[in-house]
Amino acid sequence: MLDPVVWSREVDNAPLPPLVKGIPFLGSALELGSDSLGFFVKQYHEIGPIFRVRAADRQYTVLAGTEANQFVNQVGTEFLSSKEFWQEFSQELGVKDLLVGLEGEAHQRQRRFLQPSYSRNAIIHAFPEIIQLMGNLTADLRSPQRLQVLPFMQKLICEQLGMLLADCSPAEYHSDVVKFLQTALNVTVVKQWPAFLLWQPSYKRAKQRTLELARLAIAKHRKGNLNHAKPNLIDDLIADSKQQQRLFSETEMVAAAVGPYLAGIDTVANTCSFMLYALLKSPNTLARVQQEVDLLFREGIPTAEQLRGLSALHGTAMETLRMYPAAPAIQRHVIADFTFKGYRVEKGTHLILATTVPHFLPQLFPNPCDFDIDRFQPPRSEHKQSGAFAPFGAGAHLCLGQGLAEVQIMLIMATLLHWFEFSLESPNYTVKPINNPTLSPGNKFSVCVQRR
Ligand code: HEM
């Protein structure tokens, strides 16, 4: 259990956390909108692990540091709820709740049910199909050309998730899925885009098309003329619908079938894009990784075991997740008063858990701004310090697709680096990450690509 000096259920006489001084009217809105992670790290150093921030008429309490992550891991469910943040988004999908907004027993039941189809087992038997799919999707990259990295990665990942979890190609639905998810998340969850965007015909169409894709996948499975070896997410949902006490209603089934795209496209695409950027900025690391992946493919299609053995590639993926975490923070609603580090946090507070602030603390990750892929190897194993490394979140809602995502990132990058030579358009190019709503290199990041 955590030291009671860190947190307590008693709030008597404890003061409210210090408020970050912002500019008149806007408060800290500009910093939060442009570089929230950099802002949280700065405030952590200057103020400490708990502080309040104001952004125009909204106020948040921010918890950061290893002890904040330990607090969420150990007792988060007693004090925190994510329900409020996902309610409007769930409504966009026509349901009351999604897994990420559920709490307590209902959350655990649904999480247990979805776990097998979201696990790394969903991908490790499908390497030949995934590589074949990547071959088809990159067939037009024959001559040297300029490539917009993020949309390219989004397409690869959307197709792969469609194949793995639904045995259904999202091909002509891909841009609708991306538009729907980005708009709905930015408006309803992060609230950094205005609500009127939900009324635009182009958004409404993208939403309808996304739901249509999910319904199509379910209908195809119901007809039963698919021949994948192992049951996937849609098979599991259909099996549930045949139970007397079903977990998902018909509409919830459709929303659950959108789940992999919601959770996986942007997070994995941003991570792969940043990973490519980091490698191109670090030629020595690129050479090490390239040597590893070329050896990997010497014997043909690799196995999951062989992929797992690539220490330079694995270190690069981990270091990318540390320096460019797609989800730098998570939001919660406080459901019971508590004290954290001597400050009072009241029921009803809007909490931001800046889970990845520890990634930039030099006492945990020496020279945190250096891209150093060996920091995850024993004896250093810097990520294993308690509460230090949290790219996949913390607590009860810890990413359910973590295992799948790690394998997917490594397989995509190994295959691309084996097939293609990438270079920056200018060696001085420096990426400017944006919040959209996940941390992203944005659509401006392009590279030159040619077959090796
Ligand atoms: C680099 C890739 C990824 C990152 C950084 C990431 C990060 C996260 C984070 C931070 C959360 C917690 C959200 C919260 O507590 O509010 C989360 C939840 C979740 N993720 Fe991921 N994710 C990634 C990829 C994926 C993939 C590929 C899938 C599945 C296809 C997935 C499925 C989920 C699900 C289902 C949840 C909700 C779990 C729950 O509420 O119990 N994620 N993810």
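C399 lies in the loop between β9 (350-354) and α15 (402-419); helices (H or I, at least four residues) and strands (E, at least two) are DSSP runs, numbered from the N terminus. The model is a predicted one, in which local features need pLDDT of at least 70 and side-chain atom pairs count only at pLDDT 80 or more, while totals for chains, interfaces and linings use all residues. Residues are numbered from 1 along each chain as its sequence is written.

An unreviewed UniProt entry places the feature "binding site" at C399; UniProt positions are given in the numbering used here, feature names are shortened, and annotations may be inferred rather than shown by experiment. C399 is buried because 20 other C-beta atoms lie within 10 Å. A residue is buried if 20 or more other C-beta atoms lie within 10 Å of its own, exposed if 12 or fewer, and partly exposed in between, with C-beta atoms placed from the backbone.

The helix α11 (residues 250-281) is mostly covered, with 27 of its 32 residues buried. A kink of about 35° lies at V258 in α11, shortly before the proline P260; the bend at a residue is the angle between axes fitted to the seven residues ending there and the seven starting there.

Of the 25 residues around the ligand, A263, G264, G393, C399 and G401 come nearest (a residue is near if its C-beta atom, placed from the backbone, lies within 6 Å). Elements giving two or more residues to this shell are α4 (104-118), α11 and α15. The largest share, seven residues, comes from α11.
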